[in-house]
Amino acid sequence: MRRRRRAARWLGWASAIVMAIVSSAGAVRPPCPGGTFTVQGGPLLPGAPPTQVDTVTVTPDPAAVELSIGCGPANAVKPDKVRGAKRGTKVRATWQGCAALEGKIKLRGIIVDDCGRLTGKLKAKGVKRVFEATGSGGGACDPLAAAGQQGCVAGEKCTWVVLQDTPDPIGTTTCVPDGVQDLGDLCTQGPAGETTGFDDCKAGLICINGECQDVCGFDGSPEAACAVGYNCTRYSGLFANGSDDPVAGACSEGCNPVTQLRTSGSPCGAGQGCYLLTSSTETIAVCASAGTIAHGELIPGTPFANSCLPGHQPRRRDEITQDVECGALCQVTDVYMGMNETDEGGVAPHTCAAAGAAAPDDPANGESCRYWWAREAFDTLSPYSNTVGWCFKHAAFQYDTNGDSTPDAPFPRCVTLTTGDVVPPIGNPPHNDAQYFWCAALPDTQALQVSRVRAGR
């Protein structure tokens, strides 16, 4: 009978999978770059030829709104308004004496979808038209498409443009002049602004940590995939604002977070470290800017995967508080009664003690090297489930023995366990205590078939 993993609520902190501070989703956005939007569903005015194509042209600075049917700044009754808002860019204009219409002509609208779509309402005497218009740039492009097929004109690329970096980082996906740097070349990012806030990489590439990397996606399509040995990585402030889901990411070479070597065998770049990123569906490891917080030190503010020194990951400090600290990674192996007992703290040289942890037998602060699969929320094995260990301060935690979600017994040391089902809770069918408490590797079959307590991340 299959058993689902049992989550230990006392260790319920989830590690961040972004590498920079995420901005507030409720922040007011700067206005979209100027552009022309093509009205969908026929012309704006009744009686116009059905084949007529109308457009709305918007300029943010100075604010100006113009309709192709003849209404523009010269006919404005009051100043046009183009301003950023939480949902997008609001557009307001009032004209008179244009398009053969009587009285005042009012346009109210908002530009959304990364500056790619304008929804609006046009009102005048005898006219009340709700419409949508799509942009020729400013968000209508596709950064995942091949160069020359991204929805931009010749000599341009579709990429992420940083419009502002303070007080909150805000950007948009739009067409800009193509870059000159190839994959793997050093690159530079311009200052925030609609005409400067992009990099000098060629179409299909994005500048990450000073190096041009492939743009990738998360829909599983072939054009969105990375090369073998690389991972599609989400970065905050890249192809998304605030807590929005990113439309794309960047391919990052995989690495070993214990040895700190990339898949190619070379170390991460200067000032970088290899960090594990665990989501609800997968675990990857990528090089990122290195943190400075050591083993056992508290992480102030929002914890991120790379808040810590290389070779460390965030972990919950204790059972009582919600404090998060850095904890070392270690080289793991099966440890239980009579099996590799001297390696309870990790296999040399990558041990918990080497990072400053207390010995496993310390009654107050003892730590042991446990399997990374304990911190994975999915029911299959990742490449890191059985190969990476993390230093767990077992002396500071209890666990639930009877399934009532209340910790009621000291978390056991690995050297006290066997492969039988002796320590409560007793399973039916019996489970493997060493696996249940993260001291032994999981079988290659689906992890769902193995009963054990599970750590939060």
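Mentor: A residue is called buried when its relative accessible area is under 20%. That cut-off will be applied here to a predicted model.

Trainee: What makes tryptophan 438 a buried residue?

Mentor: Its relative accessible area is 0%, and the limit is under 20%, so tryptophan 438 counts as buried. Tryptophan 390 and tryptophan 438 are both buried.

Trainee: Why is the pair of tryptophan 390 and tryptophan 438 called tilted?

Mentor: The structure holds 11 aromatic pairs. In the pair of tryptophan 390 and tryptophan 438, the ring centres are 5.8 Å apart and the planes stand at 35°. Ring centres must lie within 6.5 Å to pair, and planes under 30 degrees apart would be stacked, while those over 60 would be edge-to-face.

Trainee: Why is the pair of phenylalanine 392 and tryptophan 438 classed as edge-to-face?

Mentor: The planes of phenylalanine 392 and tryptophan 438 meet at 65°, with ring centres 5.1 Å apart. An angle over 60 degrees defines the edge-to-face class, so this pair is edge-to-face. Because phenylalanine 392 is in strand β23 and tryptophan 438 in the loop between α1 and β26, the pair ties together parts 46 residues apart in sequence. Phenylalanine 392 has a relative accessible area of 2% and is therefore buried. Trp390, Phe392 and Trp438 are among the residues that ring pairs link into a cluster, which also includes Phe397 and Tyr399.

Trainee: How do you know that the charged end of arginine 375 sits over the ring of tryptophan 390?

Mentor: The charged end of arginine 375 is 4.7 Å from the centre of that ring. The distance criterion is within 6 Å, and the atom must also be within 35 degrees of the ring normal. Arginine 234 likewise has its charged end over a ring, that of phenylalanine 218, at 3.8 Å from the centre.

Trainee: Is serine 385 buried or exposed, and how do you know?

Mentor: Serine 385 has 0% relative accessibility, so it counts as buried. Its place is in the loop between β22 (368-371) and β23 (389-392).

Trainee: What makes the approach of serine 385 to glutamate 376 a polar contact?

Mentor: Their side chains are joined at 2.5 Å, and the limit for a polar contact is within 3.5 Å. A polar atom of the serine 385 side chain also lies 2.7 Å from the backbone nitrogen of serine 382. Among the residues that serine 385 touches are Tyr371, Trp372 and Trp373.

How values were computed: Residues numbered from 1 in each chain as written. Predicted model: local features only at pLDDT ≥ 70, side-chain atom pairs only at ≥ 80, totals over all residues. Heavy atoms only, no water. Helix = DSSP H or I, 4+ residues; strand = E, 2+ residues; numbered from the N terminus. Buried < 20%, exposed > 50% of the residue type's maximum accessible area, 1.4 Å probe, protein only. Polar contact = N/O pair within 3.5 Å; in protein donor to acceptor, adjacent residues only side chain to side chain. Contact = heavy atoms within 4.5 Å. Phe/Tyr/Trp six-rings, centres within 6.5 Å; stacked < 30°, edge-to-face > 60°. Lists of a residue's contacts leave out its neighbours within four places in sequence.
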